[in-house]
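The sequence and coordinates come first.

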Amino acid sequence: MSIKKVTQHPSQNEGLIFERSQTGRVGYRLPRLDVDETPIDEIVPAELRRDDELEGVPEVSEVDVIRHFTRISTWNYSIDLGMYPLGSCTMKYNSRLNEKVARIGGFTGLHPLAPEEESQGALELMYRLQEDLADITGLPGVSLQPAAGAQGEMTGVMLIRAFLDQRDGEASRDRRVMLIPDSAHGTNPASAALAGFTVKTVRSNSKGLTDMDHLRELCDQGGVAGLMLTNPNTVGIFETNIREICDVIHGAGGLVYMDGANMNALVGVARPGDMGVDVIHLNLHKTFSTPHGGGGPGCGPCCCTEELAEFLPVPRIEKAGDRYRLNYDLPNSIGRVKAFFGNFGMMIRALSYIYTHGADGLKEATETAVLNARYVANELKDTFHMPYESDCMHEAIFSHKHQTRKGVHTLDIAKRLIDYGFHPPTIYFPLVVEGAMLIEPTESVGRADLDAFVEAMKDIDREAQEDPQLVIDAPHSTRIGRLDEAAAARKPVLRWQPDMEATAKSAS
Amino acid sequence: MSQIPENVRYSKDHEWVSVEGDTATIGITDYAQSSLGDVVYIDFPRVGDKVAAHEAFGSVESVKAVSEIFTPIAGEVTEVNEGLNDTPESVNSDPYAEGWMVKIKMDNPGEADGLLSAVEYEEFLSANV
């Protein structure tokens with residue numbers, strides 16, 4: 001039996017839950033009322049009640065609901081099904097042990113308003129996680145509060161702003177330029193703008209690295225508050241000049257923020273703090289194996305130097321003797337960035353991941369992640385165009401240049417990969433590479449899976465050269481073929497309406 | 001091959017500029033629209049906004065990416081093409097006419113003369129793309 005391509009799963013097609021509705025059907029039976037009935041007007045005023053007999057709310061039985069959601073769940077692709085090489089997203093396996101630990105009753109039953117003395121275990125867990133993240137990044141000040149990467153970034157640049165305001169006083173107003181490389185994640189300029197900075201773009205050179213001359217030129221123009229840099233950068237290449245980059249920014253009076261999206265290439269091997277970075281956010285949902293992508297939630301801790309720590313969000317978790325406490329009394333703090341203490345369930349899973357691996361295991365995971373990406377890069381380098389010669393770190397970047405002459409573009413290759421049973425890689429990002437395919441296998445795949453992926457990519461190239469239309473019309477094995485993404489974005493249909501089916505039918 | 005009409009001027013950021021009196025009409029070039037892919041949304045500046053040359057004044061969202069649009073000319077925004085809210089596809093199908101984006105009252109009406117001619121833009125494209 002060939003395992004190279006997808007075959008159809010034998011379950012029935014499934015419409016929307018609304019289309020399953022049968023008037024009067026219910027999925028419950030309530031016990032007979034044994035108390036006096038309270039008139040509805042006494043509980044919910046008439047103006048707050050729907051008066052349309054809940055038109056459109058699906059009337060279904062329990063088994064209807066179970067079959068509906070079970071069927072559509074089998075159409076999904078997930079990290080538990082196979083390789084998910086989504087560059088920059090680090091879709092690594094989320095171990096069952098993490099889930100087991102997160103379900104310990106003492107954690108799941110703990111109310112966020114429980115007093116300190118009754119929450120010592122949870123506080124200790126957060127404290128220990130902070131300590132480990134500080135060790136891993138080389139940056140001692142840690143807040144676990146930010147809910148995800150973009151909020152971690154936002155927190156990081158707010159720390160920079162608070163620091164500059166304190167250091168420079170009024171003069172800080174003239175220091176509002178945030179430098180961001182042209183390959184950056186789109187959230188970087190957004191975070192900088194929200195924090196009140198003006199963004200200037202730093203060019204990359206032909207090796208895919210920050211153009212040092214341009215960086216110096218921009219610093220010479222003055223007003224530089226800082227730099228937001230991803231390392232390895234978004235083309236998967238390590239910024240070998242990172243120390244010099246930090247020196248240039250520090251020399252210009254600014255601070256260096258590092259986007260930790262790509263920390264999976266560094267954990268246990270190199271520490272941003274040692275490179276001169278002042279503040280970084282981590283994505284626990286990428287690097288530390290907590291679930292993400294549809295499931296979430298994320299967790300984007302912010303780690304900073306001693307110098308910046310006084311500005312971190314409150315409350316901070318501190319240790320006094322063998323007790324843990326929450327400190328709200330930090331007058332220079334930027335304040336709270338998230339309700340309570342952040343997404344605690346993610347912190348449990350991340351610490352479980354760290355303790356499962358230990359220092360040696362974390363390092364090995366990093367080395368394997370880089371090895372896997374380099375293996376893919378090496379195996380595919382003669383088939384797909386590689387825009388940069390430099391060795392990649394944890395992700396490999398290709399373009400569609402060798403396939404476009406046959407009319408096959410990155411989107412087509414990505415869609416065709418679905419027919420081979422793989423989730424497509426990240427496409428058309430970063431923007432500095434035209435028709436980019438950013439492939440991040442992570443350490444969670446073995447040689448056999450990597451070889452199957454490489455084979456699939458080579459087969460797709462062969463198809464593109466010999467029968468391009470096959471690739472252009474992909475996917476062929478899915479329940480629904482190529483969707484019109486432009487129409488969906490231009491005229492989005494955001495919710496089902498009772499008359500929708502009739503409208504759709506009359507239109508067709 | 002991209003369409004490069006001769007009656008407008010071009011920027012290296014792939015915008016075109018058409019000048020009438022002291023008003024400049026700005027859009028993105030055929031090359032730009034074909035690189036972006038299907039355009040789905042345009043984030044316009046507000047009428048009355050002052051824009052400086054070479055600064056981003058809005059963005060174009062396509063199915064692939066969100067890209068900034070730069071004005072090659074300094075001035076005040078007098079009109080935006082609100083019709084594109086309903087038919088963003090005009091940027092793809094007719095980038096030089098129905099797909100225009102903003103009109104700017106130029107601070108310095110001579111500024112457009114410094115931009116690329118059709119021939120120069122074509123040379124720029126073949127050298128850089």
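Helix axes are lines fitted to C-alpha atoms over the stretch in contact, with angles from 0 to 180 degrees between N-to-C directions. Angles under 35 degrees count as roughly parallel, over 145 as roughly antiparallel, 65 to 115 as roughly perpendicular, and the rest as oblique. The model is predicted, so local features need pLDDT of at least 70 and side-chain atom pairs pLDDT 80 or more, while totals for chains, interfaces and linings use all residues. Residues are numbered from 1 along each chain as its sequence is written, and chains are lettered from A and ligands numbered from 1 in the order in which they are written.

**Helix packing in chain A**

Helices (H or I, at least four residues) and strands (E, at least two) are DSSP runs, numbered from the N terminus. The axes of helix 12 (residues 344-380) of chain A and helix 15 of chain A come within 10 Å and cross at roughly 30 degrees. Helix 12 of chain A and helix 15 of chain A are therefore roughly parallel to each other.

Two residues are in contact if their C-beta atoms, placed from the backbone, lie within 7 Å. On the helix 12 side of chain A the contact is made by A:Asn372, A:Tyr375, A:Val376, A:Glu379 and A:Leu380, and on the helix 15 side by A:Leu450, A:Phe453, A:Val454 and A:Met457. By class, the residues of this contact are seven nonpolar, one polar and one charged. Here Ala, Val, Leu, Ile, Met, Phe, Trp, Tyr, Cys and Pro count as nonpolar, Asp, Glu, Lys and Arg as charged, and the others, Gly among them, as polar.

**Backbone exceptions in chain A**

Most residues other than glycine have a negative phi, and most peptide bonds are trans. The table lists exceptions.

| Site | Feature | Value |
|---|---|---|
| A:Asn231 to A:Pro232 | cis peptide bond | omega near -5 degrees |
| A:Val314 to A:Pro315 | cis peptide bond | omega about -5 degrees |
| A:Ser88 | positive phi | near 75 degrees |
| A:Thr442 | positive phi | about 65 degrees |

A:Pro232 is placed in the loop between strand 4 (224-230) and helix 9 (242-251) of chain A. A:Pro315 belongs to the loop between strand 7 (302-304) and strand 8 (316-320) of chain A. The loop between helix 2 (62-73) and helix 3 (96-102) of chain A holds A:Ser88, and the loop between strand 12 (437-439) and helix 15 (447-466) of chain A holds A:Thr442.

A residue is buried if 20 or more other C-beta atoms lie within 10 Å of its own, exposed if 12 or fewer, and partly exposed in between; the C-beta atoms are placed from the backbone. A:Ser88 is buried because 20 other C-beta atoms lie within 10 Å. A:Thr442 is also buried, with 26 other C-beta atoms within 10 Å. A:Asp247, in helix 9 of chain A, has 13 C-beta neighbours inside 10 Å and so counts as partly exposed. The C-alpha atoms of A:Asp247 and A:Tyr84 are 37 Å apart, with a separation of 163 residues along the chain.

**Strands of chain B and the interface**

Two strands pair if DSSP finds at least two bridges between them. Strand 5 (residues 50-51) and strand 8 (residues 75-80) of chain B are antiparallel, with two bridges. Strand 8 of chain B also runs antiparallel to strand 9 (residues 102-106) of chain B, over five bridges. B:Gly75 in strand 8 stands opposite B:Val51, and its bridge partner in strand 9 is B:Met106.

The contact between the chains takes seven residues from chain A and eight residues from chain B. The side of chain A that touches chain B divides into four nonpolar, one polar and two charged residues.
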